[in-house]
Amino acid sequence: MSVSAYILIQASVNAANVAIDIRTLEGVESADDVSGPYDVIVRASAADMDGLGQLVVARIQTVEGVTRTLTCPVVEL
């Protein structure tokens with residue numbers, strides 16, 4: 001069973017470039033520029049929570065311009 005999440009991202013500079021770079025990462029389904037307290041919202045999926053954590057920490061947080069992330073796993077009630 002796979003895990004999906006929304007990842008809310010704050011960027012220090014040009015959020016459009018941040019979203020473009022993140023869209024190329026494996027596991028990222030979409031990355032959209034938004035207005036408000038966050039600059040980019042990402043929809044991502046992974047095989048499990050460990051894989052999701054690796055995606056966020058090892059790949060998304062290393063994209064130039066990303067200053068903060070908030071991961072919101074999708075739950076099915």
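What percentage of the contacts in the protein chain with a separation of 6 or more is accounted for by residues 24 or more positions apart? In this predicted model, the share is 66%, where a contact means heavy atoms within 4.5 Å. The model is predicted, so to speak, under stated limits: local features need pLDDT of at least 70, side-chain atom pairs count only at pLDDT 80 or more, and totals for chains, interfaces and linings use all residues. Residues are numbered from 1 along each chain as its sequence is written, and side-chain values use heavy atoms, with hydrogens and water left out.

The protein chain contains two helices and four strands, arranged from the N terminus in the order β-α-β-β-α-β. Helices (H or I, at least four residues) and strands (E, at least two) are DSSP runs, numbered from the N terminus. The radius of gyration of the chain is 12 Å, close to the 11 Å that the globule rule gives for 77 residues, so the chain is as compact as a globular protein of that length. This radius is taken over C-alpha atoms, and the globule rule is 2.2 Å times the number of residues to the power 0.38. Along the principal axes, the C-alpha atoms fill a box of roughly 35 × 25 × 15 Å.

Of the 77 residues, 34% count as buried; buried means under 20% relative accessible area, exposed over 50%, and partly exposed in between (1.4 Å probe, protein chains only). The accessible surface of the chain comes to about 4,700 Å², with 52% belonging to carbon and sulfur atoms. These areas come from the Shrake-Rupley method with a 1.4 Å probe, and for residues only the protein chains shown count as cover.

Side chains of opposite charge can pair when their charged atoms come close. The count here comes to one salt bridge, defined as a side-chain nitrogen of Lys or Arg within 4 Å of a carboxyl oxygen of Asp or Glu. Glu29 forms this bridge with Arg43, the closest N and O atoms being 3.6 Å apart. Glu29 lies in strand β2 (residues 28–33) and Arg43 in strand β3 (residues 40–46), so the pair ties together parts that are 14 residues apart in sequence. Glu29 is partly exposed at 48% relative accessibility, and Arg43 is partly exposed at 22%.

Ser4 belongs to strand β1 (residues 3–11) and is buried, with a relative accessible area of 17%.
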